Amino acid sequence: MSSTLMRTVPALRAAARASAAKPAAAAMGTSFVRGKATLPDLPYDYPALEPYISGKIMELHHKKHHQTYVTGLNTALETIEGAKSKGDLTKAASVAPLLNFHGGGHVNHSLFWENLAPASREGGGEPDGALKKAIDEDFGGFDTFRKQMNTALAGIQGSGWAWLVKDKQSGTLGLVTRANQDPVTGNYVPLMGIDAWEHAYYLQYENRKAEYFDAIWNVINWKTVASRFDKS
Ligand SMILES: [Fe+2]
């Protein structure tokens, strides 16, 4: 797994933030019905993010790609349950990579849809309130943060994601990248992620992925990102 972390946080400020941090992370926006993962509805229509992300990309990305992760996750969980019932722990353990891939794909995309919004509504602009203050303190300003995020995205080799995260212990913000569909786990709460898989942009931007990384900032829903920040 490749990962990077870039933070510029004096220890004293981190300690102060930690003491103010709230204890529990918000539940992710993943959906389960009777123990099965399900494809969540989008909070906007497929063409609503145009011209920055085409309706065709959104439809394929949601209906086909995300659905594949949902189906794969349920299959992996069923395989594990079946193996457990037979006492075949070797078989159960062998499913771990599929569980990570499809489970990560479901979690990551569920977060991704929520942190996007049409530019004509909540999308774009800059965060305000406590999240703005934290970005200013931890990155030196919104423009610097956006440049660092785009640099992290450009540095992903192959498929993966870049995430704005909050450190559970210190309460400070950072940037991490994850390969493939590896989810953000452990000490970090994912606040906002950008999908750097080719399926997220190729139909519209072809090989010009830097244009996609620039365009997507016009449809980031800072209200939902701020909500995750406030609850974590
Ligand atoms: Fe994706």
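In this predicted model, His 61 lies in helix H2 (residues 55–85), where helices are DSSP runs (H or I) of at least four residues and strands (E) runs of at least two, numbered from the N terminus. Residues are numbered from 1 along each chain as its sequence is written. Because the model is predicted, local features need pLDDT of at least 70 and side-chain atom pairs count only at pLDDT 80 or more, whereas totals for chains, interfaces and linings use all residues.

His 61 counts as buried, with 24 C-beta neighbours inside 10 Å (buried: 20 or more other C-beta atoms within 10 Å; exposed: 12 or fewer; partly exposed: in between; C-beta atoms placed from the backbone). Apart from neighbours within four places in sequence, His 61 is in contact (C-beta atoms, placed from the backbone, within 7 Å) with His 66, His 199 and Ala 200. His 109, in helix H4 (residues 96–114), is likewise buried, with 27 other C-beta atoms within 10 Å. With the same exclusion of neighbours within four places, His 109 is in contact with His 66 and Tyr 69.

The unreviewed UniProt entry lists His 61, His 109, Asp 195 and His 199 under "binding site". These residues span 139 residues in sequence, yet no two of their C-alpha atoms are more than 12.2 Å apart, so they gather at one spot. UniProt positions follow the numbering used here, feature names are shortened, and annotations may be inferred rather than shown by experiment.

In helix H5 (residues 129–139), the buried residues are Leu 131, Ala 134, Ile 135, Asp 138 and Phe 139. They cover an arc (of the directions from the helix axis to the C-beta atoms) of only 100°, which puts them on the same side of H5. These buried residues pack against helix H6 (142–154), strand E5 (173–179) and helix H9 (222–231).

Methods: Two residues are in contact if their C-beta atoms, placed from the backbone, lie within 7 Å.
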